[in-house]
Amino acid sequence: HAHTHTHIRTHVHQLSDILAFTMVQQTMASLEEVERVFGGSWKLTASENLDAMLVTMEVPYLKRKIAKAYKQTQRFSVEGDLVVVEQSTPVAWKRKEFRLGEETEEEVHGEKTMVTARFEDGVLTIEGEGPKRGRCKVVREINEKGEMVLTWTVGETTCKRIFTRLQ
């Protein structure tokens, strides 16, 4: 009887090791795919409903004017097990780091928000919930023209931003 329990325990440990290894392989494959799909720099070329989003995010009027005037660049890279997104304009620079499937704290317009990044079927989704503004979701995907479409939703407000890959 004791021998059977030891035998089962050994199989359970082997199975958990295989599952852990498989999850690491899936994460590595996902990271490679993120790099392949999004890697490099992207320049903002169009925005829809940006002002309404910035109002929802309680961005002051002057900062909203500046945000609409400057074309943002986003640069994607993978460093180890991190997906790194660097966002820059002529007046600001921000670096965000995510581990796929792991909850992390991010500051979104002055509000600390717990977010989780996922990558499935070529789509990078970052979503979470803040104490003040509630649910937020950013979805990045590549359209048929090869542009990156960023769909940003906070509460009932949605904004779309179109980026073109820089060579």
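When I speak of a contact this morning, I mean heavy atoms within 4.5 Å. With that rule, 42% of the contacts in the chain between residues at least 6 apart in sequence join residues at least 24 apart.

Before going further, please keep in mind that this is a predicted model, in which local features need pLDDT of at least 70 and side-chain atom pairs count only at pLDDT 80 or more, while totals for chains, interfaces and linings use all residues. Residues are numbered from 1 along each chain as its sequence is written, and side-chain values use heavy atoms, with hydrogens and water left out.

Let me start with the overall layout. The chain has three helices and 10 strands, where helices (H or I, at least four residues) and strands (E, at least two) are DSSP runs numbered from the N terminus. Along the sequence, the pattern reads α-β-α-α-β-β-β-β-β-β-β-β-β. Of the 167 residues, 37% count as buried, and by buried I mean under 20% relative accessible area, with exposed being over 50% and partly exposed in between (1.4 Å probe, protein chains only).

Now to the interior. In general, nonpolar side chains in soluble globular proteins tend to be buried together. A nonpolar core here is a set of buried Ala, Val, Leu, Ile, Met, Phe, Trp, Tyr and Cys residues joined through side-chain atoms within 4.5 Å. The largest such core holds 30 residues, and the members that touch the most others are Val34, Phe38, Phe76, Leu100, Phe119 and Trp152. If we set aside residues up to four places away in sequence, phenylalanine 38 touches Phe76, Phe119, Gly122, Leu124, Arg140, Glu141, Ile142, Met148 and Arg165.

I turn next to the charged pairs. Taking a salt bridge as a side-chain nitrogen of Lys or Arg within 4 Å of a carboxyl oxygen of Asp or Glu, the count comes to 12. One of them joins glutamate 33 and arginine 36, with the closest N and O atoms 2.7 Å apart; both residues sit in helix H1 (residues 2–38), three residues apart, which is about one turn of the helix. Glutamate 33 is partly exposed at 27% relative accessible area, whereas arginine 36 is exposed at 58%.

A second pair is aspartate 51 and lysine 68, whose side chains meet in a salt bridge at 3.2 Å, N to O. Aspartate 51 lies in helix H2 (residues 50–56) and lysine 68 in helix H3, so this pair ties together parts that are 17 residues apart in sequence.

Because glutamate 79 belongs to strand S2 (residues 73–79) and arginine 95 to strand S4 (residues 92–98), the pair ties together parts that are 16 residues apart in sequence.

Finally, what network of salt bridges includes Glu127? Arg118, Glu120, Glu127, Glu129 and Arg135 are linked in this way. Glutamate 127 is placed in strand S7 (residues 123–130), and it counts as buried because its relative accessibility is 17%. Its side chain makes a polar contact of 2.7 Å with the side chain of arginine 118 and another, at 3.4 Å, with that of arginine 135. A polar contact is a pair of N or O atoms within 3.5 Å; within protein, one must be able to donate a hydrogen and the other to accept it, and residues adjacent in sequence count only if both atoms are side-chain atoms.
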